[in-house]
Amino acid sequence: MKLIVTGATGLVGSEVIRLALRNPDVTSVVAIARKPVLAPANVGSESQTSKLQSVVLESWTSPYPESVIRHVEDADACIWALAVTPSQSKDMDFSDVTTICYDYTMNGLTNMAAHVSNPFRFIYTSGVTVERDQEKTLPFLSEYRLMRGRVENAILDFAKQHDDQGVEVTVAKPGGIESPGRDAISAPFTTMLETFGHTPTVHLSELAAAMIDQCLHGIAKDPLWGEDLVEIGQRALSPEDYL
């Protein structure tokens, strides 16, 4: 499988790359970013770091240049892990947050769909608090959560409109993400996440492995909630694969 990864320098994207390089069923990993992407230092001796192709993209809202398209061609899947987090968004103009979260994503999916394999599986990394129902009144982070919900709706609509091209989409919606070296998720935050009715936390390696699994073996459902990600990720991982 030839896999495209965006957000490759972030928490989730870098773990997707690490596990994809370790997975023999992934033959090529195309990391699209604003700067060169190196293989993670902790990728392990069993990996094939030569599978990683680092592709620099300067304009994320324009048609992709030929230098990028030639790496995207014939890809089988994409894990889109590029977004602005809620905490990051507080220090940014919201129009810029929307451009990164919505415009980058839709422009990327549109550019990719014209050049990739059939089927093409696109997995969007979102979160449990994101709301697709644009009529809902939300008690906190309303503008942000609804905007991210519009992204989810848009990529799902795109897949319906391009069903004849084999575009398949799902959204991963974890709660808190646990990993070594990160601060423990607080009890109050866990309690808040539990109010959404899904497994409140997922290990970073399980999240990444679950998304890779769905790219390889087909999308099981939409969305993929925390409990789905934990179950799929645990099934896909060997003990030595965990961070």
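## Aromatic pairs

Three aromatic pairs are counted when rings of Phe, Tyr and Trp (its six-membered ring) are paired if their centres lie within 6.5 Å, with planes under 30 degrees apart called stacked, over 60 edge-to-face and the rest tilted. The model is predicted, so that local features need pLDDT of at least 70 and side-chain atom pairs count only at pLDDT 80 or more, while totals for chains, interfaces and linings use all residues. Residues are numbered from 1 along each chain as its sequence is written, and side-chain values use heavy atoms, with hydrogens and water left out.

Trp60 and Tyr104 form a stacked pair, 5.6 Å centre to centre with 20° between the planes. Trp60 lies in the loop between β3 (52-56) and α2 (66-72), and Tyr104, 44 residues apart from it, in helix α4 (residues 94-113); helices (H or I, at least four residues) and strands (E, at least two) are DSSP runs numbered from the N terminus. Both Trp60 and Tyr104 are buried, meaning under 20% relative accessible area with a 1.4 Å probe and protein chains only.

Trp80 and Phe122 form a tilted pair, 6.0 Å centre to centre and 35° between the planes. Because Trp80 is in strand β4 (residues 77-80) and Phe122 in strand β5 (residues 120-125), this pair ties together parts 42 residues apart in sequence. Both Trp80 and Phe122 are buried, and ring pairs link Trp60, Trp80, Tyr104 and Phe122 into a cluster.

## Helices α1 and α7

Helix α1 (residues 11-22) packs against helix α7 (residues 204-217) at an angle of about 65°, with the axes 9 Å apart, where axes are lines fitted to C-alpha atoms over the stretch in contact and angles run from 0 to 180 degrees between N-to-C directions.

Methods
Buried < 20%, exposed > 50% of the residue type's maximum accessible area, 1.4 Å probe, protein only.
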